[in-house]
Amino acid sequence: MTEESQLARLGLFDARVPRYTSYPTAPQFTDAVGSSLFRQWVGAIAPGSRISLYLHVPFCRRLCWFCACRTQGTSSDDPVIAYVETLKSELALLRDVLPEGVTLSRLHWGGGTPTLLPAAQMRDLARAVFDVVPMGEGAEFSVEIDPNEIDAERLDALAEAGMNRASIGVQDFDPEIQQIIGRDQSYDITRDAVDMIRARGVHSLNADILYGLPNQTRARVADSVQKLLSLSPDRVALYGYAHVPWMARRQQMIPSDALPRPEERLALFDTAQELFTWDGYEAIGIDHFARPEDGLAVAAKAGTLRRTFQGYTDDTAEVLIGLGASSISRFPQGYAQMSPATSGWTKAVRAGEFATARGHAFRGDDRMRARIIEALMCDFRVRTDELVADFGLTRAQVDAMFAPVADHFGAFVVHNAGGLAIPMPGRPLTRMIAARFDAYAMAKSGHSSAI
Ligand SMILES: C[S@@+](CC[C@H](N)C(=O)[O-])C[C@H]1O[C@@H](n2cnc3c(N)ncnc32)[C@H](O)[C@@H]1O
Ligand code: SF4
């Protein structure tokens with residue numbers, strides 16, 4: 001049997017498995033977590049410690065058809081300006097509960113398109129953030145930048161506020177593919193945005209690119225990757241295009257019959273991966289590439305890579321607070337998500353309360369499963385010693401939970417005294433292997449989990 005048919009037999013090409021940016025995953029959240037628990041968890045942050053902050057801006061000037069992000073289109077600045085005012089009120093609520101002396105490890109503005117904020121609002125919002133939580137030493141301030149929605153004035157505002165990492169959305173450079181996915185963005189526009197970003201001393205650059213797009217071929221993906229390489233990003237996220245038109249209605253504009261077959265998707269990923277690694281990038285986790293000197297590559301080598309709602313990170317902060325509609329926070333005690341609808345979030349914050357709508361408080365063996373899943377997604381291995389030391393298990397108990405997974409995935413998984421590891425040929429199955437340790441997903445599917 002070829003490797004491809006073995007992967008097919010294991011269900012790789014039909015599987016719908018989470019990307020595990022958290023465990024349990026967001027669909028498992030319930031309304032058991034509300035604003036009083038959120039306040040309690042914020043209040044329990046150690047005084048003087050470092051936390052990370054995510055600010056969500058759910059607006060875009062254009063609504064690209066391929067995009068599965070929750071965002072609303074607006075041609076006017078009014079709703080955006082009103083949104084920033086509410087974010088500032090939310091930051092004021094945070095100030096009231098945040099313990100003394102807390103500083104930032106990471107600040108990330110994401111969306112949607114945070115760069116559609118007018119320059120004055122960008123400055124204002126950054127000031128409001130640093131008034132509540134100042135940047136700690138060596139902290140990183142990153143912003144998602146749509147190359148079509150940025151100019152010198154707004155970049156000046158971001159650079160002056162301290163942005164030191166920019167993340168640009170590329171997706172694909174091919175004009176015909178751009179047309180079919182409803183995202184017009186010439187190479188020149190992207191290159192100009194990169195030049196403007198670098199001219200302001202922001203030397204860390206991330207780029208997002210997609211494989212599995214309609215009409216994408218290996219030659220076309222190779223061409224896009226080469227164009228991207230000419231811009232020398234420090235990090236690249238190579239995401240598989242998720243076609244979910246029943247959830248993201250805009251995707252109904254994309255003809256399903258133009259999508260590559262699942263086997264071809266794997267070939268597209270492999271083509272892009274080969275080009276990145278030939279060019280000296282390190283492969284990080286399931287879908288990232290980074291220059292060897294980039295923090296992500298350094299963390300991957302040191303075994304300190306982590307996975308959060310924003311994907312892979314070298315951030316070591318225990319707490320990530322998300323502000324803005326639909327944003328998710330992570331605490332040692334669990335997860336908390338703000339109301340997904342901008343209207344509900346605005347109403348709560350204007351009434352002087354956090355808009356926490358749902359979440360999950362860790363219980364039972366959640367933390368152990370979360371550790372196993374994060375380790376597989378980041379390092380492609382889980383060490384038995386670590387589980388024994390941190391969760392009070394015996395080696396026999398750990399072996400008993402790894403053995404059925406090793407049986408199921410055969411040569412694609414290695415199980416020995418050291419633990420469980422996913423060798424190179426098994427890496428496309430990583431999310432499926434992780435899912436075997438997801439008690440919630442396994443219960444829904446009618447299987448028993450690996451533990
Ligand atoms: C929230 S978007 C923000 C990007 C920014 N607004 C822009 O357009 O450049 C972040 C990334 O999510 C990824 N993304 C959006 N929809 C996707 C989908 N259907 N499948 C896979 N990745 C997707 C894209 O790579 C995109 O750059
Ligand atoms: S890709 Fe970016 S600009 Fe396009 S709809 Fe999604 S968030 Fe908005």
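**Entry 1: the second largest pocket**

I looked up the second largest pocket and found its lining to be His-56, Pro-58, Cys-69, Arg-70, Thr-71, Gln-72, Ala-325, Ser-326, Pro-340, Ala-341 and Thr-342. A pocket here is an open set of points on a 1 Å grid over the protein atoms alone, where a 1.4 Å probe fits, with protein on both sides within 12 Å along at least five of seven lines; lining residues have an atom within 4 Å of a point. The model is predicted: local features need pLDDT of at least 70 and side-chain atom pairs 80 or more, while totals for chains, interfaces and linings use all residues. Residues are numbered from 1 along each chain, and ligands from 1 in the order in which they are written.

I noted about 160 Å³ of space in this second largest pocket, a volume being the space filled by probe spheres set on the points, which are joined across faces, edges and corners.

**Entry 2: the sheet**

I traced an open sheet of 3 strands, ordered β17-β19-β18 with antiparallel pairing. Strands are DSSP runs of E, at least two residues, and helices runs of H or I, at least four, numbered from the N terminus; two strands pair if DSSP finds at least two bridges between them. β17 (381–383) and β18 (414–416) are at the edges with a single partner strand each, so one side of each has no neighbour in the sheet.

I then checked β18 against β19 (residues 419–421) and found 3 bridges. Asn-416 has Gly-419 in β19 as its bridge partner.

**Entry 3: ligand 2**

I listed the residues around ligand 2: Cys-60, Arg-62, Leu-63, Cys-64, Phe-66, Cys-67, Gly-112, Thr-113, Asp-146 and Arg-183, each with a heavy atom within 4 Å.

Terms used. Side-chain values use heavy atoms; hydrogens and water are left out.
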